[in-house]
Each structure stands twice: as C-alpha cells, then as structure tokens.
Amino acid sequence: MKFSIMISEGPYTHQASDSAYLFTKAVLEKGHEIFRVFFYHDGVNNGTRLTTPPQDDRNIVKRWSELAEAHKLDMVVCVAAAQRRGIVDPEEAKRNSKDTDNIAPGFHISGLGQLIEAGIQADRLVVFGD
Amino acid sequence: MSDEMMEDEGVVKKLGYVNRKAPYGTVYALESLEVVLIGAAFDQDVSVIFMDDGVYQLKKGQDTKASEMKNFSPTYRALEGYDVEKLYVEKESMDTRGLSADDLIVPVEIKSSEEIMQIMEDQDIILSF
C-alpha cells in the first residue's frame with residue numbers, strides 16, 4: 001500500500017513527530033511504500049539541522065534525515081509555514097535575503113500543492129497532530 | 001505546480017477538511033484555510049467540516065484589533081469563488097456554543113454529529129486541523 005504522512009507538530013513538545021517516525025518506519029519495514037512525508041504547521045520545525053538535543057535523548061531531526069537517506073524518502077516542508085517559522089533552505093535564503101539556511105539533510109521546501117498531491121496519489125494519508 | 005496538476009488530471013477524490021479549533025489562539029485555522037485555497041486548484045470533490053471550537057472560525061463580526069491578529073474570516077466568503085461550496089457545521093457544536101446559522105458569515109449546512117460522521121466516512125482523504 002502507498003502511504004503519505006502529514007506531521008503538524010514540532011519536535012519534543014508533542015509526540016506527533018515521534019509517532020509519525022515510528023509509523024513511517026513500520027510502514028517501510030512491512031514492505032509498503034511511502035509516497036511523501038509532509039511537514040506543516042509547527043511540524044516544519046522538524047526540518048532544522050540546528051537542534052542539539054541532550055545526548056541521552058532521541059535526536060528527532062537526525063532520525064528523520066537518516067530514514068530519508070536510507071529509503072530515499074520525499075520529505076517536504078511547507079514553504080508558507082516554513083517562512084513564518086524561520087526554516088530556510090539555500091534557495092529560500094537567497095530569495096528572501098537571509099544570511100544563512102538551516103534545512104536538515106533529506107528535507108526540502110515546497111508548496112502546499114505537494115500535500116494535496118500526496119493525498120491524491122497515496123492510498124492512505126495519515127495525519128499526525130495534536 | 002502545473003506539472004503536478006497534469007499528473008493528477010482526471011483523478012477526483014473526495015477531500016474533506018475537518019476544522020476543530022478556534023480561529024485565534026493557535027494558527028491551525030489560518031493554515032487550514034491556506035490548504036483549502038491551494039487545494040482548490042486540484043479540482044477535487046471538497047467538503048469542509050467545522051466542529052467543536054472550529055465553528056467559531058465562521059462567526060460573524062470577528063474583531064481582532066486588540067489582539068493584533070490578522071482577521072482572516074472574510075476569506076471564508078471567497079471559498080465559493082474557488083468552487084468550495086460544501087461547508088458543513090456540526091449542530092451539537094453550534095448548540096453547545098449558543099450559535100445558529102444566522103451567526104455565521106457564509107451559508108452552511110448544519111448537520112447532526114451522526115451525519116457529520118457519515119460525511120467523514122464518505123471521504124477518501126481527511127485532513128484534520
């Protein structure tokens with residue numbers, strides 16, 4: 001089965017990103033396909049490479065990056081939500097004259113159309129939020 | 001986005017948005033409305049459901065001046081122009097909050113929680129905010 005995932009909450013405050021990660025991993029382990037993982041609302045904060053969680057805790061951002069690398073996941077951060085919250089890739093940094101970017105490996109910034117498409121193309125769109 | 005739309009041409013799914021939160025206090029309502037507007041370009045069979053505190057999103061006479069928030073409620077009136085015409089409001093949520101259809105800025109269909117459940121059941125995709 002083909003799944004798309006939407007994540008509406010940032011890392012650590014809410015468990016949504018953890019649950020989404022574990023679900024995504026389980027989907028892949030069972031041999032299903034992940035069409036896209038879409039980060040919206042505060043969920044875009046899962047995509048900053050600048051987090052430094054304590055060493056004895058899970059590293060939520062890094063975990064997503066590694067999963068994306070291992071399974072060639074399409075992980076999309078919503079551009080409108082990202083602009084509000086300061087999640088920036090090199091292209092966006094240039095376009096909006098920012099002095100740096102902070103997007104984590106495996107994430108990329110794109111439009112809300114990607115969310116609708118994820119719903120249309122997948123057999124199931126699973127939303128992880130508050 | 002035009003490439004995507006080409007790719008999806010012909011696929012029409014029942015796409016339901018569920019709004020459960022007050023318009024201000026959190027950003028969910030505003031960012032939900034942004035998805036509805038963008039999603040309209042995909043020519044899907046769209047329904048928008050308002051329940052719990054989400055019914056307040058459609059309340060007439062919103063005045064956000066004192067809180068310095070952007071009053072985005074007029075945008076709901078534009079939905080019709082995007083062919084988003086199926087707006088459902090849960091009766092129980094309205095009753096609990098002392099609201100009637102006259103209090104809302106757009107025409108809606110008021111449905112019982114059982115009917116709302118059926119509408120949700122009928123959707124191919126549910127995006128909840």
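In the predicted model, the contact (heavy atoms within 4.5 Å) takes 22 residues from chain A and 25 residues from chain B. The area buried between chain A and chain B, that is, the accessible area (1.4 Å probe) lost on putting the two together and summed over both, is about 1900 Å², of which carbon and sulfur atoms give 57%. On the chain A side, A:His41, A:Ile116 and A:Ile120 lose the most area to chain B, together 31% of what that side buries.

Three salt bridges, each a side-chain nitrogen of Lys or Arg within 4 Å of a carboxyl oxygen of Asp or Glu, are counted between chain A and chain B. A:Arg85 forms a salt bridge with B:Glu31, with the closest N and O atoms 2.9 Å apart. Helix 3 (79-85), helix 5 (113-121) and strand 5 (124-128) of chain A are the elements that give two or more residues to the side of chain A that touches chain B, helices (H or I, at least four residues) and strands (E, at least two) being DSSP runs numbered from the N terminus. Helix 5 of chain A supplies the largest share of that side, eight residues.

Chain A also holds an open sheet of five strands in the order 4-3-2-1-5, with parallel pairing, where two strands pair if DSSP finds at least two bridges between them. Strand 1 (residues 2-7) and strand 5 of chain A pair in the parallel sense over five bridges, and A:Ile5 stands opposite A:Val126 in strand 5 of chain A.

Residues are numbered from 1 along each chain as its sequence is written, and chains are lettered from A and ligands numbered from 1 in the order in which they are written. As this is a predicted model, local features need pLDDT of at least 70 and side-chain atom pairs count only at pLDDT 80 or more, whereas totals for chains, interfaces and linings use all residues, and side-chain values use heavy atoms, with hydrogens and water left out.
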